[in-house]
Amino acid sequence: MSDQMPNAQPQFLTVGEGEAARDIAIIVRPAQAGSDAPALVWLSGYRSDMSGTKAVELDGLAAELGLACIRLDYSGHGLSGGSFRDGTISRWLEESLAVIRHIAPDRVILVGSSMGGWIALRLAQELARQGGPKLAGPKLEGMVLIAPAPDFTSELIEPNLKARERKSLAERGYFEERSQYSPEPNIYTRALIEDGRQNRVLDGIIETGCPVHILQGMKDADVPYAHAMKLVEHLPADDVVLTFIRDGDHRLSRPGDIALLISAVKGIIHPAADVTVPA
């Protein structure tokens, strides 16, 4: 795709105060003059960052269509400050919300991968609360969720904990798990798991107020496709499209997967009210 800004310099936003302060890295592609289309917001997965294949392809789509695109690294990820082990859903949600309010687009389409899908759903809930003019956020025009993992701590991790992992959580406050994507193990902390229970979305009806397109691999070893089906059951009020990729894994980063992602995002952009996308 054209003009992917390979050398785009990140800006940094300080989120939190005192010892909780951390510098969050953001890369913003401004919209082409004359565009009133929604801004695309990329939300990465656990231990992923804004330089991954899907994030860069989304930015390339924004360049092609003249749209704004906002990418960020959560604390403890990529170029951002803060410790990964301090990370929780509440902390990363706070950062995502702060970035969106700082950039202040009028309308957004959230594109969330894996844990980023959970963050997107929580963002929808927080934006809907409209906490007065100072805290009011943009209008949510749609979501594309890639192998979404809402409530993964309580739904996918806790029920499958082994005795040694429970012991490690109790004694050390975390446990490690081998990662198939990195030589470094995944680390899951007690704080992450306990905070996850406070951010559950699969315990009632989720009302995003916008169209939702879910892309889910049927050979996903991390988030089983039944989890995507369960999510759909909790979105009864929304216009939801669920696309299964029969041979798709969790990453969904192959050229054919990327084509489906681009198509899903375009499908939400064009019906999103009367948008003007410069030629």
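## Basis of the model

The model is predicted, and local features need pLDDT of at least 70, side-chain atom pairs count only at pLDDT 80 or more, while totals for chains, interfaces and linings use all residues. Residues are numbered from 1 along each chain as its sequence is written, and side-chain values use heavy atoms, with hydrogens and water left out.

## Salt bridges

A salt bridge here is a side-chain nitrogen of Lys or Arg within 4 Å of a carboxyl oxygen of Asp or Glu, and by this rule the count comes to 15 salt bridges. Elements are named from DSSP runs numbered from the N terminus, with helices (H or I) of at least four residues and strands (E) of at least two. Burial is given by relative accessible area, where buried means under 20%, exposed means over 50% and partly exposed lies in between (1.4 Å probe, protein chains only).

Arg-200 and Asp-151 meet through their side chains in one of these salt bridges, at 3.7 Å from N to O. This pair links distant parts of the chain, 49 residues apart, since Arg-200 is in the loop between helix H7 (190-198) and strand S9 (212-217), and Asp-151 is in the loop between strand S6 (139-146) and helix H5 (152-157). Arg-200 counts as partly exposed because its relative accessibility is 24%, whereas Asp-151, at 0%, counts as buried. Arg-200 also forms a salt bridge with Glu-155, at 3.3 Å from N to O; Glu-155 lies in helix H5 and Arg-200 in the loop between H7 and S9, so this pair ties together parts 45 residues apart in sequence. Through shared partners, salt bridges join Asp-151, Glu-155, Arg-200 and Lys-230 into one network.

A further salt bridge joins Lys-139 and Glu-141, whose closest N and O atoms are 3.9 Å apart. Lys-139 counts as partly exposed at 48% relative accessibility, while Glu-141 counts as buried at 9%.

## Nonpolar cores

A nonpolar core is a set of buried Ala, Val, Leu, Ile, Met, Phe, Trp, Tyr and Cys residues joined through side-chain atoms within 4.5 Å. The largest such core holds 54 residues, of which Leu-43, Trp-92, Leu-110, Met-143 and Phe-152 touch the most other members. Helix H3 gives the most to this core, with 8 residues. A second, separate core has 24 residues, including Trp-42, Leu-67, Ala-264 and Val-265.

Contact means heavy atoms within 4.5 Å. Not counting residues up to four places away in sequence, Leu-110 touches several residues, among them Val-41, Leu-43, Ala-120, Leu-140 and Met-143.

## Cysteines

With a disulfide taken as a pair of cysteine sulfur atoms within 2.5 Å, a search of the whole structure finds 0 disulfides. Cys-69 is in no disulfide, and the nearest cysteine sulfur, that of Cys-210, is 17 Å away. Cys-69 is buried, with a relative accessible area of 1%, and Cys-210 likewise counts as buried, at 4% relative accessibility.

## Two loop residues

Ser-114 lies in the loop between strand S5 (107-113) and helix H3 (115-129), and counts as buried at 13% relative accessibility. Not counting residues up to four places away in sequence, Ser-114 touches Gly-45, Ile-146, Ala-147, Pro-148, Ala-149 and His-250.

Gly-52 is found in the loop between strand S3 (39-43) and helix H1 (53-65), and is partly exposed, with a relative accessible area of 27%. The C-alpha atoms of Gly-52 and Arg-129 are separated by 31 Å, and the two residues are 77 residues apart along the chain.
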